[in-house]
Amino acid sequence: MVTMNKIITVTLNPAIDRITSVPDFHVGAVQKADAAHVYPAGKGVNVARTLSCLGHDVIAIGVIGKGDVEFFETIRWSGVASDPAAGKILTDWIQTETPTRTNNTFLDPVRSTETHIREVIRTDEPFPLTRVEESLRQHCGKGDVVVFAGSLPTNATEDTLTCLIGLCRSMGARVILDSSGEALKNALTAGPDLIKPNVQELEEVVGHRFYTRGEIVAAARELARTYGIHHVLVSMGEEGAILVSDETEELPALQAVFMLRLSQKQLHTVGSGDAMVAAVAAVLAEDGKPRQMLIEGTAAGVANLLTEGPGIVSADKVKRLRDAVEVGEFH
């Protein structure tokens with residue numbers, strides 16, 4: 001599907017995701033794995049893959065270790081090779097001497113648990129900020145949607161995201177930010193159009209815990225007002241999602257709840273937030289409304305739960321799941 005506005009994903013700290021199924025997983029024991037799968041990943045890469053699955057063309061920019069570029073090119077067909085309706089993925093990998101990190105996820109189908117180990121790579125190589133800026137200047141234009149998703153590498157400075165978001169905004173693009181911790185905090189001043197923290201990430205930004213949904217809405221509204229953010233989308237896991245939008249002065253919150261109980265025992269949470277962001281980006285690129293963002297985003301996130309592999313969803317399944325998303329107002 002080709003939209004008038006381009007969708008561009010930017011992954012500054014990509015990863016090679018190794019997902020291993022280990023029945024009855026125990027720490028400190030020698031165990032056998034049922035199966036292992038390896039994917040080119042990182043949040044922005046996952047977002048690009050979901051967009052392709054949903055039939056949208058996308059440009060994927062990423063900072064990749066030069067020895068891993070060939071592997072990351074498999075994003076073009078992983079999960080979508082057999083679907084003629086899949087969108088095209090144009091890749092623009094910025095190659096570095098620093099190898100790409102590896103993340104490990106251990107799935108226990110007996111206990112229905114997931115264990116995540118995230119690698120951190122430290123390097124003296126300078127972060128290639130200028131090359132990322134050049135890539136954005138080449139691909140980005142007025143009305144386009146640029147998704148900055150994931151963490152920052154250790155060699156990036158605290159103002160890296162602020163600079164890049166500011167560049168995109170100066171070219172008339174709309175920016176979605178899905179990050180966490182200090183990277184998210186520092187980038188808010190650049191005024192992204194939409195942010196998608198989960199509840200814990202939002203708590204980290206405001207500096208205190210939430211005990212009610214009303215407190216979540218109040219914090220999202222405050223961020224929207226303070227930084228001029230048009231949409232604050234807070235994902236809440238099994239409890240759905242809340243969206244605060246500036247479409248009216250009162251900033252009404254919309255809450256999405258998935259109404260069906262999932263019968264599948266082993267759910268695949270890795271990439272579900274990224275699938276939500278991808279669907280929201282597609283709606284934003286087509287100038288859709290907040291309610292549509294919530295419905296499409298929630299359906300895509302749930303679809304990822306039902307499919308093995310980060311950001312791999314079935315477009316047909318997303319369409320069927322839409323009817324199970326109930327959206328109401330939260331004042």
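Start by colouring the protein by burial: 56% of its 331 residues count as buried, meaning under 20% relative accessible area with a 1.4 Å probe and protein chains only. This is a predicted model, in which local features need pLDDT of at least 70, side-chain atom pairs count only at pLDDT 80 or more, and totals for chains, interfaces and linings use all residues. Residues are numbered from 1 along each chain as its sequence is written, and side-chain values use heavy atoms, with hydrogens and water left out.

Next, switch to a cartoon view. The protein has 10 helices and 14 strands; these are DSSP runs numbered from the N terminus, helices being H or I of at least four residues and strands E of at least two.

Show the C-alpha trace. Along its principal axes the trace spans about 55 × 45 × 45 Å.

Now select Trp93, Val147, Ile176 and Leu294. These residues have the most contacts inside the largest nonpolar core, which has 51 residues. Such a core is a set of buried Ala, Val, Leu, Ile, Met, Phe, Trp, Tyr and Cys residues joined through side-chain atoms within 4.5 Å. Then select residues 272-285: this is helix 8, which gives the most to this core, with 11 residues.

Stay with Ile176 and display what surrounds it. Leaving aside residues up to four places away in sequence, Ile176 touches Val145, Val146, Val147, Phe148, Leu194, Val277, Ala281 and Leu284, a contact being heavy atoms within 4.5 Å.

Finally, select Leu152, Leu167, Ala187 and Ile216. They are included in a second, separate core of 45 residues.

Technical notes: Buried < 20%, exposed > 50% of the residue type's maximum accessible area, 1.4 Å probe, protein only.
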